[in-house]
Each structure stands twice: as structure tokens, then as C-alpha cells.
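Got a new structure open and wondering where to look? Let's walk through it together, one feature at a time.

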Amino acid sequence: MEITKREVLVSIAIVFLMLAFGLSIQQRIRTGITNQNKEYETAIQTSDPEIFKYGMRTDLGNAFVYGELLAVDPVSNPDIDGVWLWIKKVEEQYTMHTRIVTYTDDKGKTQTSMETYWTWDEVDSKTWHSSVIEFLGVQFTYDLITDIDSYHLKTDTHGHTRYLWYVSSTKHVGTIYAELANNTISRSVFYDDMTNEETFNYLRESETLWLVLFWIFWIGLTAAAIFGFYYLENSWLE
């Protein structure tokens, strides 16, 4: 593939154009990060049950609250030991698939063949969870606090079928970031084994990471656009 001087000039123009758009998008992302960080910085931090309750009664707003989270009515299943806040059973089947593969033979010719391979594919799943949880002495419905840690407990395999069991303990200690208003919490996310300060720093760093990921994506998109331009014949430039 021969690259002409005119194509090089156009590709430079593409880079500057993509850079201009990228900087414009970056500014919007920075504004969003700044606004979000202001929200984190103005949120209260507490581990006091009374301040937590007071904040919900008085519409105190955003807060980092550290405390103990418990399953009020833990769930169980006869196929696993113990009681849990949350249980998920995933059924997978060992399934045969086929695909066309292309290769070059010893004579340098391109050939195709049918390849067979096997994978474990999810076919069904079931979930059980507590209906009521308690955080820092206050009871809430299960759905009001999200992202509570869970882990893989065990796998039962029977021939070409296997069952994966995931569970969440009945007791957790960590921080929720939530809005306290109307005698309840909303937009609440649980950060297991993290203090208020650790959660605050984690969220700030996560916001900045979005900007880094954007530029990685944007540079890749720019490179793809230039490669695609060179790949075309571009006879209109002659």
C-alpha cells in the first residue's frame, strides 16, 4: 500500500480534527467530574447511628455512612450449607460448537476447515435473597442498598451439566454512599470493608479514570480512522 503526500496531509488534518473534538468532549467530562467531586466533598461522613437517623429525618442529603450491614431474614438452600443474605444458582451446559477457521497450508495456499470446540454456556439461573436488611441499626428493604459483595461458593458438576453457587454473607462491614431524605436512603451503594475516607478517595479516583479511558478510546478511534483512510484508494485526491 503506497501512501501519497496528499494522503499524509489529509491524515494530519484528520488528527487535528479528532483532537479538536476530543478536547471538546474532554471539557464536558472534566465538568462532570468536577461537579461529581463537589458532591462527594460536601457529603457528610459519619458512623454514628443517631446522626444517620437524623439525616434521614431532616433530608440531610448525600452522605458517607460507615457501619454494619446484616441480613434480618437470611435465606438458605438444601443444596448448600449455611444461611446467607443472597444466593444465586447458575446452571450451565457443556455445549459443542463449530466454527470456520482459515489457515495457510504448507504450500502457502489459504484453506478453510470446520473446527469443533466446547464451552460451558449458561442456560438458567435462580436467585434468593433476604427481604429485609439492617444497616447501622435501621431496617430497609433489600433493594435499597446495592453492590453488596458476593463470592463463588462451590460448583457441582454432573456430566455435561454443572451448577455454580454464589453467595453473600449475612454480615458485612463497610460504607454506603447514599442520599438521606424522606426518612430513608436512595441511590445507595455499599463498599465492603472500606471506611468513609477510603470510599471517598476511591470514588474520586474512579471519576478521574473515566477521563483516562476516554483518551485511550479516542486515540484508538483516531488511529483506526487514519488506517481506514489509507486503506481506501483515495483516487479523488489525484
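What you're looking at is a predicted model, where local features need pLDDT of at least 70, side-chain atom pairs count only at pLDDT 80 or more, and totals for chains, interfaces and linings use all residues. Residues are numbered from 1 along each chain as its sequence is written, and side-chain values use heavy atoms, with hydrogens and water left out.

Let's begin with the sheet. Four strands make an open sheet in the order β4-β3-β9-β8, with antiparallel pairing. (Strands are DSSP runs of E with at least two residues, helices are runs of H or I with at least four, and both are numbered from the N terminus; two strands pair if DSSP finds at least two bridges between them.) β4 (110-129) and β8 (151-158) each have a single partner strand, so one side of each edge strand has no neighbour in the sheet. From one strand to the next, the twist averages 25°. Now look at β8 and β9 (residues 161-168): they run antiparallel and are joined by seven bridges. His158, for instance, has Thr161 in β9 as its bridge partner.

Next, the aromatic rings. Rings of Phe, Tyr and Trp (its six-membered ring) pair if their centres lie within 6.5 Å; planes under 30 degrees apart count as stacked, over 60 as edge-to-face and the rest as tilted. The structure holds 15 such pairs. One of them is edge-to-face: Phe52 and Phe135 sit 5.7 Å apart centre to centre, with 90° between the planes. This pair links distant parts of the chain, with Phe52 in helix α2 (residues 49-57) and Phe135 in strand β5 (residues 132-135), 83 residues apart. Phe52 is buried, at 0% relative accessible area, and Phe135 also counts as buried at 0%.

Tyr94 and Trp118 form a stacked pair, at 5.2 Å centre to centre and 25° between the planes. Here Tyr94 belongs to strand β3 (residues 86-104) and Trp118 to strand β4, 24 residues apart.

Notes. Axes are lines fitted to C-alpha atoms, for helices over the stretch in contact, and angles run from 0 to 180 degrees between N-to-C directions. Buried means under 20% relative accessible area, exposed over 50%, partly exposed in between (1.4 Å probe, protein chains only).
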